[in-house]
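The following note comments on the model in numbered points. Please read each point alongside the displayed coordinates.

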Amino acid sequence: MRLERLAIGGFGRLPAGLELSLAPGLNLVLAANERGKTTLSEFIVGLFYGFGPRKDGVHPYQPWAGGESTGGEAAYALADGRRFTLRRHLGKGPEQLFLLDEQGRRLDLAGVQPGELHLGLGQGAFLTVSRIRLEDLQQAVYAAGGETKELKATRQWLAGYFFLEAATRGQVANPVSVRQAWQQEREGLYSPDRRKGKAGAALTEQVKAARDALAQAQAREEQARQLEAQGRDLAGQQAQLEAQREAARQDLQAARQAQEQAQGLARRDQLAADIAALEQQGLATEAAELKARELERESAAADGRAAQARQAAAQARKQAQEQIGDREPEALGQELDGLAQRLAELKAQARHLQDQGLRIERRAQALSQQWGLAPAGLANLAADLPYGLQGLRQAAAQSRQEAAQAEQELATLPPPPPSLVWRLGLALIALVGGLKLTIWAAFALMPWWFMALGGVLILGGIGLGVGWLLRHQQAKQIRRQRSDLDARSQRAREQAQAQEAELTARLAPLPPAVQQADPAALAAARAEALGLEQERAAWQQDQQATHDQEARLRASLTFLGLKSGDEPEQMLATARRRTGQAAQALAEAARLDQQAQAEQAKAQELRAELDQHLASLDLPDLPGLAQARERAKRVEQLRAARDELQKSLGPNAGAALDPEAAARRLQECQAREAELSRQIRELVAQQAALVKEIEHLNQAQTAAQAQAALDQLGERQQALAQLHDTLLLAETLLEMAMEEFRLEAQPSLLQKAGQYLALATGGAYDWLGTDLFHAQPNKEPALSARRGPGEAERPAEILSRGTRDQLYLCLRLALAQEMTAGHEPLPLILDDPLVNFDDERLAAALDLLCALAQERQVLLLTCHQHQAELIQGLCDCRMLEID
Amino acid sequence: MASLIVLHAADLHLGGPVAAPDPAIASLAANARNESLDRLLTLSRQENVRLVLLAGDVFHAAQPPLTAVLALQKALAAWRDMGAVVCIAPGNHDPWLPGGVWASWPQGEGLKIFDPQGNGLDLPELGLWVAGAAHQSAAVQEDLTPRLPAPLAGRVGLAVLHASLERSLAGTSHLPYAPTRLESLTSGPFAFWALGHVHIPHEPVPRRVVYAGCPQGAHFGEPGPRGAWLIRLQGAAVETEFVPLAPLVFADLAYDDLMPLATPAQLVERVRGDLPSAAPAWPCQVCLRLGLSGPSPLWRLWQRQDPAELAAALKKELGLAGLVLAAEGLCPPLDPAALAQRPDVLGRLLGLMQRAEQDEDFLAELEASLAAGLHPDSQRLSRAERLARLRGLLTPARWRVLQGLWQGEGGHAA
């Protein structure tokens with residue numbers, strides 16, 4: 001980057017409106033103190049990195065001459081030829097910053113400073129590399145008044161840049177950064193500093209918690225063991241109590257047996273007393289009861305049978321009455337015999353009529369088959385029909401014959417000749433032409449043959465006319481004859497058609513046999529049909545008479561209540577069957593009456609026998625017998641209970657026992673057993689509670705699990721310690737490698753600085769060393785110099801002030817040269833750094849600056865006239881006025 | 001003549017935890033021990049086992065939780081219903097203590113719990129004599145084998161004991177409780193020794209001395225198939241068969257030679273080849289801890305993608321129930337020895353690491369300079385232990401160096 005123009009809008013001591021046009025090489029500002037040289041360098045830095053904050057509301061570089069705006073602008077060009085204009089003003093409001101390209105377009109800085117954008121450096125690095133002041137020349141790295149953070153950042157950047165670019169050519173990461181990353185990672189794992197080592201601390205906390213958990217788990221397990229021991233004790237107590245309870249139960253059983261024996265003896269005595277009382281009331285045996293019950297049952301059965309017989313007799317009589325009513329069966333049979341005889345006579349007459357009807361029907365069928373008409377239809381034919389039909393047929397045939405004859409005559413008649421009217425016209429033409437020719441010849445005196453020709457034409461015309469007339473008369477006569485014949489034929493055909501129509505009309509209702517019959521045969525058939533119809537009428541009268549007789553017979557039978565629709569024979573048979581059934585029912589009723597009388601007598605005998613049996617038992621009646629029997633059964637039960645009780649009491653039973661004492665003993669045993677059971681239940685409940693508590697304890701994390709978790713954490717701790725030590729080892733070895741590299745492989749930066757030092761000191765020193773990449777980040781790097789190979793290193797602190805200035809100047813110049821090699825060349829702003837140089841080394845240093853000005857822009861600010869004169873004598877130099 | 005089948009198991013650690021380093025297997029892990037016990041029952045039923053030998057540490061603690069006690073009660077009832085006799089020799093985790101779980105355990109039919117004095121159980125119907133002894137404390141230091149009564153005449157002797165054989169303890173974290181010597185076992189009158197304590201199933205003397213191992217591994221420190229043994233006896237002849245039963249199998253794989261693996265598929269293939277395979281009859285879920293470290297072409301992949309997503313994809317591809325993936329040690333696929341020749345800081349750093357590995361004096365200087373800054377756990381170590389620790393840390397430190405510093409080809413973006 002080369003500054004081309006600087007315009008001051010107002011900045012500290014510098015006059016507002018000052019414009020400086022800079023040369024691309026060496027520029028010299030010669031001004032006395034308090035004229036603004038340092039302010040100018042601050043102005044340049046401020047343009048690219050900001051003017052800094054106000055202090056107490058006032059900016060340090062507020063224009064001395066007044067005015068509200070602080071700032072100005074710079075025009076500069078980059079190595080690639082691009083040009084920009086940078087404007088920065090600080091007024092009452094926020095800072096205004098504009099970066100414009102060659103076309104005056106404002107560029108977006110996206111929050112970065114123009115120096116960072118175009119120079120690739122932060123402010124600290126820029127101040128270290130590009131601006132060299134006397135007051136900070138004693139520092140290898142610009143500290144900006146001891147700002148540790150800035151110094152550290154600049155140092156880190158410088159170191160990283162050095163190793164990255166100058167030492168490793170891009171294949172190895174910045175070892176300083178790597179070392180710092182490792183250090184941070186390591187300190188994150190473990191650090192004596194409690195503010196660090198959070199991972200290790202957290203793990204330690206986890207281990208502590210795991211140990212606590214283990215202790216708790218062990219305590220729980222110990223508690224569980226104690227509870228189990230308690231449980232075992234309780235189980236022992238329970239066993240003892242159960243043994244006691246078993247003994248108590250045995251005592252209880254014995255007491256219960258004693259009480260039962262006493263109760264049994266009392267019960268036996270009571271049973272004996274009950275038996276005696278019942279025996280005194282009287283007992284009945286089962287056989288006596290059975291006999292009495294049997295007699296009672298048999299008499300009741302005889303009564304029942306008698307009642308049944310009487311009921312059956314009444315039922316039979318009712319049935320007989322339903323069959324024949326109140327008639328006597330014998331009289332009714334005689335009446336039925338008379339009716340049967342009448343019925344037989346009617347049947348014979350009916351069969352005779354049936355045969356007669358069959359004969360008539362056969363003759364009628366024969367006539368019907370012969371003539372296609374029923375006899376009634378045949379008889380109904382008109383008497384003149386057979387011969388009338390024959391006359392009609394003959395008349396029609398005669399008319400047809402006359403029509404055929406007329407048509408034949410018409411066919412023999414010639415047709416009329418044609419009219420030939422043209423002959424009549426030709427005749428008239430010939431006649432008129434002959435007349436005209438004759439007249440014209442007569443008056444014109446034509447030759448005679450004209451007259452002759454005229455005469456011929458007239459004659460010819462007359463001849464043609466006559467011939468046409470004759471022909472016309474002949475044709476007229478022929479047409480008249482044909483018309484007469486047509487009329488005659490037409491009349492004959494119409495007459496024939498009328499006759500045929502009449503014949504057809506008369507024949508239509510007649511069957512074909514009648515239509516084609518011979519008139520004589522038809523007349524005979526008609527006569528037979530008339531006779532047959534008369535026979536049928538007589539037969540029907542006889543039939544009706546038979547039916548009437550049968551109806552009267554049927555009416556005679558309906559008195560028995562038979563269905564009138566049944567056949568008379570069936571009705572007669574039914575009447576006969578009913579009469580028979582009624583006779584049988586009446587006979588059965590008489591028999592049943594006799595049986596009822598017999599059963600009634602038997603029942604009376606049985607009742608007498610029962611009364612005799614009860615009297616022998618000394619019992620009044622059957623209920624008394626039942627009660628005696630019940631008492632007997634009760635006595636048997638009591639005896640059985642007494643025998644069973646005696647058996648259970650044993651053969652030695654009978655000793656006196658006190659039931660009350662036995663009951664008291666039993667109560668005592670029951671109370672003891674209950675008390676022991678209660679105690680056992682309590683123990684069981686306590687054991688269950690213990691088991692529950694133990695289960696609850698076992699559900700928590702076991703000591704083994706806690707120990708496993710602790711072991712796992714221990715493994716993690718070991719891994720953490722191993723990683724920590726690995727990083728420490730790597731870090732330490734890297735540090736050693738970097739130191740080795742610094743000492744044994746002098747980087748090009750220091751080689752370059754050494755070369756500058758040799759030039760600046762006139763060869764007094766040719767080697768420069770620094771711990772720039774080794775020293776603590778917040779400490780200024782140390783410098784040392786050596787006069788030549790094999791000479792001792794001399795720390796900068798023991799060198800003269802002038803030599804130290806030369807040493808640091810050369811290091812800063814080398815830094816600028818190294819770091820910008822291949823990149824944007826930075827301008828060098830030298831603010832009177834050469835004041836402590838003697839004349840010889842001043843000349844050498846200015847000569848060095850002239851050489852550097854060939855490669856980058858140099859702005860030398862000095863208040864020393866002889867420096868200005870000296871450098872102007874050494875190389876081209878643009879003088880800039882700031883007053 | 002049919003074989004008599006004996007089930008030999010040990011170190012059931014009922015009531016003990018099973019680690020769930022991946023939350024996805026929490027439920028599986030919580031139920032794994034009981035499930036393995038159920039599988040022992042199923043195996044017994046399938047094989048018509050007549051005798052069950054449980055060689056100690058049936059419970060994880062001397063006073064086990066009630067759930068564990070109930071689980072064993074249920075199992076013993078099932079074995080009794082099968083007609084199998086169960087013999088238990090309590091171990092150091094569940095010693096026979098007066099008033100303890102074993103002393104108060106009801107001695108039912110078909111169950112023999114050996115006490116510290118040593119007992120024998122005559123099984124004439126099987127032609128066997130089973131002898132055993134219990135641990136009487138959590139840290140028995142004496143050899144218990146002399147306490148075992150010799151077999152009766154005409155009986156085949158079987159011994160069941162929770163004991164330590166020096167050779168079997170090598171490389172394990174087991175403490176040498178009830179120590180004994182292999183010669184003591186093989187020279188004795190017993191045809192078969194059913195041992196417990198070492199959780200790795202193996203046969204110090206094939207068909208004669210067998211460590212059952214645990215039926216269920218507890219954590220990544222107990223990887224691989226775990227189960228029980230079927231012992232087939234035909235007279236005095238013994239055949240042994242290990243049956244992997246564990247429903248949850250831990251696997252712990254660590255690879256630091258990943259340069260040949262250029263793709264995730266190759267990594268999956270290699271892991272799959274190294275995973276334990278389950279027996280078809282006893283399906284198991286696998287929880288894998290996979291450590292990836294050292295130079296690897298996969299480094300780039302791990303830089304670009306979310307490690308959690310990569311772990312999830314790997315888990316799915318391998319069909320794992322759980323996965324703990326430690327890939328922090330992956331670094332760019334570089335040769336540290338070649339890089340150590342570079343003149344820059346990285347080369348010098350790797351050179352210093354080589355020197356620390358080879359030069360004891362330099363390592364000692366390094367330890368002296370680092371001692372004050374080491375983690376307190378390391379500071380508590382002796383100097384020799386710290387030196388050994390530092391030597392061991394050089395390799396992971398080298399991977400960290402490559403991760404952090406290298407920005408060239410294969411490294412992370414600058």
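1. A:Glu34 lies in the loop that joins strand S3 (26-30) to helix H1 (37-49) of chain A. Helices (H or I, at least four residues) and strands (E, at least two) are DSSP runs, numbered from the N terminus. Although A:Glu34 is not a glycine, its phi is positive, at about 65 degrees. Most residues other than glycine have a negative phi. A:Glu34 counts as exposed, with 61% relative accessibility; buried means under 20% relative accessible area, exposed over 50%, and partly exposed in between (1.4 Å probe, protein chains only).

2. This is a predicted model, in which local features need pLDDT of at least 70 and side-chain atom pairs count only at pLDDT 80 or more, while totals for chains, interfaces and linings use all residues. Residues are numbered from 1 along each chain as its sequence is written, chains are lettered from A and ligands numbered from 1 in the order in which they are written, and side-chain values use heavy atoms, with hydrogens and water left out.

3. B:Arg207 has a positive phi of about 60 degrees and is not a glycine. It is located in the loop between strand S11 (202-205) and strand S12 (209-211) of chain B. With a relative accessible area of 42%, B:Arg207 is partly exposed.

4. Chain B contains 12 helices and 17 strands. Of its 414 residues, 55% are buried. Among contacts (heavy atoms within 4.5 Å) in chain B with a separation of 6 or more, 70% are between residues 24 or more positions apart.

5. How many residues of strand S6 (residues 128-132) of chain B are buried? Five of its five residues are, and the strand is mostly covered. On one side stand B:Leu128, B:Val130 and B:Gly132, on the other B:Trp129 and B:Ala131, and all are buried.

6. S6(B) has two pairing partners to consider here. Two strands pair if DSSP finds at least two bridges between them. With strand S5 (residues 119-123) of chain B, the pairing of S6(B) is antiparallel over five bridges, and B:Gly120 is opposite B:Ala131. S5(B) and S6(B) make a hairpin with four residues between them, and B:Gly127 in the turn has a positive phi of about 70 degrees. With strand S7 (residues 156-162) of chain B, S6(B) pairs in the parallel sense over five bridges; here B:Ala131 stands opposite B:Ala159.

7. The contact between the chains involves 41 residues of chain B and 45 residues of chain A. The area buried between them is about 3700 Å², with 68% from carbon and sulfur atoms; buried area is the accessible area (1.4 Å probe) that two parts lose on being put together, summed over both. B:Val345, B:Arg348 and B:Arg400 supply 18% of the area that chain B buries against chain A, more than any other three residues.

8. Two salt bridges are found across the interface of chain B and chain A, a salt bridge being a side-chain nitrogen of Lys or Arg within 4 Å of a carboxyl oxygen of Asp or Glu. One of them joins the side chains of B:Arg400 and A:Glu185 (2.5 Å, N to O). Helices H9 (345-358), H10 (360-370), H11 (376-379) and H12 (383-405) of chain B each supply at least two residues of the side that touches chain A. The largest share, 10 residues, comes from H12(B).
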